[in-house]
Amino acid sequence: MLVSKLKVESITLMFLALCIFLSFYFTFLSFQMIDDTFKKQLVVLAASSLITGVVIFACLTIYVGIKKTLSHVEDQLIEGEE
């Protein structure tokens, strides 16, 4: 099982890197296009990819913050029981 061996953070960062790469790639392709219709569509794809990457990064940041907070509270509960 590949998913169980990789941490959620690693998978999320791979998707983030892919979104940023696609954003740059679509932007590069939009500079190469001659037709304005395709150029606009590629710019929209690039912007959508970048926004998706930012949303994934924000979700990862919130997830890691909650995970650290809960582990800190769990450690305090364990110390309190002793």
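Me: Which residues of α2 are buried?

Reply: This is a predicted model: local features need pLDDT of at least 70, side-chain atom pairs count only at pLDDT 80 or more, and totals for chains, interfaces and linings use all residues. Residues are numbered from 1 along each chain as its sequence is written, and side-chain values use heavy atoms, without hydrogens and water. The buried residues of α2 are Glu9, Thr12, Leu16, Cys19, Ser23, Phe26 and Ser30. Buried means under 20% relative accessible area, exposed over 50%, partly exposed in between (1.4 Å probe, protein chains only). Across the chain of 82 residues, 16% count as buried.

Me: Why is leucine 18 called partly exposed?

Reply: Its relative accessibility is 44%. That value lies between 20% and 50%, so leucine 18 counts as partly exposed. Leucine 18 sits in helix α2, residues 8-32.

Me: How do you know what span to expect for α2?

Reply: The expected span is 1.5 Å times one less than the number of residues. For α2 that gives 36 Å, and the distance from first C-alpha to last is 36 Å, close to the expected value.

Me: What share of the contacts with a separation of 6 or more joins residues 24 or more positions apart?

Reply: They account for 59%. Contact means heavy atoms within 4.5 Å.

Conventions
Helices (H or I, at least four residues) and strands (E, at least two) are DSSP runs, numbered from the N terminus.
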